[in-house]
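I opened the notebook to look up sheets, helices and a metal site. Here are my entries, in the order I made them.

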Amino acid sequence: MMKKILVIEDESSIADTIVYALKSEGFEPYWCATGMDGLTRCNEGDIDLIILDIGLPDASGFEILKKIRATSSLPVIFLTSRSSELDRVVGLEIGADDYVAKPFSPRELAARVKAVLRRSAQVNHVSNSEPGKPSDTIVGTEGTAAPFRIDTESMKITYFDQIVELTKCEFRLLAALIAHPGRIYTRDALKELAWDEPEFSLDRTVDTHIKTIRTKLRAVRSDIDPIETRRGFGYALKTSW
Ligand code: CA
């Protein structure tokens with residue numbers, strides 16, 4: 001099955017180039033010229049990845065991504081005309097998987113699309129149809145990311161077949177990282193995900209919890225650190241080591 005890629009970009013010349021590059025790499029691209037059209041197309045539910053321009057005529061790419069994230073965790077690659085740090089941080093904070101700065105080579109963009117799709121394929125959401133049974137998230141099916149298993153019902157995480165004893169906060173932090181290997185979370189984003197009252201916690205509290213999580217994971221496998229520190233950004237689950 002060809003992967004469907006939604007391209008949300010108002011400049012038709014840029015969109016044409018992207019669509020052509022994606023087609024020649026075996027993808028099935030769809031083009032929308034406005035954020036709202038893009039959201040409508042996205043809500044049809046068959047899209048595998050979104051390429052999202054930040055400068056759109058009706059809304060910014062950031063706003064569109066927020067709306068997408070309210071209902072879906074589809075992989076998103078930002079297109080940015082300014083490669084400023086601000087764009088990068090803001091974009092990643094609300095959960096973009098990667099970004100490409102204009103001007104870019106279509107070949108490079110296609111390579112990024114493949115890498116992000118490969119990353120998200122490492123996460124298998126195994127849904128149990130039997131009522132009352134917990135649904136598990138398993139990472140590491142391709143042997144590149146660490147074998148984690150999340151049992152959301154009992155709030156337990158298994159790492160290399162061993163249960164890791166975690167507090168509620170630690171569970172939420174690690175589960176967020178595991179759910180999207182390679183996705184970079186800022187400390188603010190992690191606070192939002194892990195704390196009931198994020199406004200009362202400090203950035204360094206996140207660091208402290210990550211440190212504790214690392215110690216607990218090291219007790220299982222001392223030779224591996226599956227969490228990557230991205231200086232200036234935050235943390236991500238490594239996709240390989
Ligand atoms: Ca634009």
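**Entry 1: the sheet of three strands**

In what order do the three strands of the open sheet stand, and is the pairing parallel or antiparallel? I read the order as S11-S13-S12, and the pairing is antiparallel. I note that this is a predicted model.

Next I looked at the edges. Strand S11 (185–186) and strand S12 (227–230) each have a single partner strand, so one side of each is left without a neighbour in the sheet.

Then I checked one pairing. S11 pairs with strand S13 (residues 234–237) over two bridges, in the antiparallel sense. For Thr186, I found the bridge partner Gly234 in S13.

I also asked what lies across these strands. Helix H6 (residues 168–179) lies across S11, S12 and S13. H6 runs at about 60° to S13.

**Entry 2: H6 and its helix partner**

I stayed with H6 and turned to helix H7 (residues 187–194). The axes of H6 and H7 come within 9 Å and cross at roughly 120°. The two helices are therefore oblique to each other. Their crossing is right-handed.

Which residues make the contact? From H6 I listed Cys169, Arg172, Leu173, Ala176 and Leu177. From H7 I listed Leu190, Leu193 and Ala194. By class, I count seven nonpolar, no polar and one charged residues in the contact of H6 with H7.

**Entry 3: the sheet of five strands**

I moved to the open sheet of five strands. The order is S2-S1-S3-S4-S5, and the pairing is parallel. Strand S2 (28–32) and strand S5 (98–101) are the edge strands, and each pairs on one side only. From one strand to the next, the twist averages 20°.

How many bridges join strand S1 (residues 4–8) to S2? I found five, and S1 and S2 run parallel. As an example, I looked up Ile5, and the bridge partner in S2 is Pro29.

Helix H1 (residues 12–24) lies across S1, S2, strand S3 (49–53) and strand S4 (76–80). H1 runs at about 170° to S2.

**Entry 4: the calcium ion**

Which residues coordinate the calcium ion? I found Asp10 (OD), Asp53 (OD) and Gly55 (O), at 2.2 to 2.3 Å. Along the chain, the donors follow the spacing D-x42-D-x1-G.

Asp10 is in the loop between S1 and H1, and Asp53 is in strand S3. The pair links distant parts of the chain, 43 residues apart.

**Entry 5: H2 and H3**

My last entry is on another helix pair. Two packed helices are described by the angle between their axes and the distance between the axes. Helix H2 (residues 35–42) and helix H3 (residues 61–71) pack at an angle of about 20°. Their axes are 10 Å apart.

Why do I call H2 and H3 roughly parallel? Angles under 35 degrees count as roughly parallel, and H2 and H3 are therefore roughly parallel to each other. H2 passes H3 in a right-handed crossing.

I listed the contact last. Gly35, Met36, Leu39 and Cys42 in H2 meet Ile64, Lys67 and Ile68 in H3. By class, the contact of H2 with H3 has five nonpolar residues, one polar and one charged.

Conventions:
Residues numbered from 1 in each chain as written. Predicted model: local features only at pLDDT ≥ 70, side-chain atom pairs only at ≥ 80, totals over all residues. Heavy atoms only, no water. Pairing = 2+ DSSP bridges. Helix = DSSP H or I, 4+ residues; strand = E, 2+ residues; numbered from the N terminus. Contact = heavy atoms within 4.5 Å. Axes fitted to C-alpha atoms, helices over the stretch in contact; angles between N-to-C directions. Parallel < 35°, antiparallel > 145°, perpendicular 65-115°, else oblique. Left-handed = near helix turned anticlockwise from the far one by under 90°. Nonpolar A, V, L, I, M, F, W, Y, C, P; charged D, E, K, R; others polar. Donors = N, O, S within 2.8 Å, 3.2 Å for Na, K, Ca; no water.
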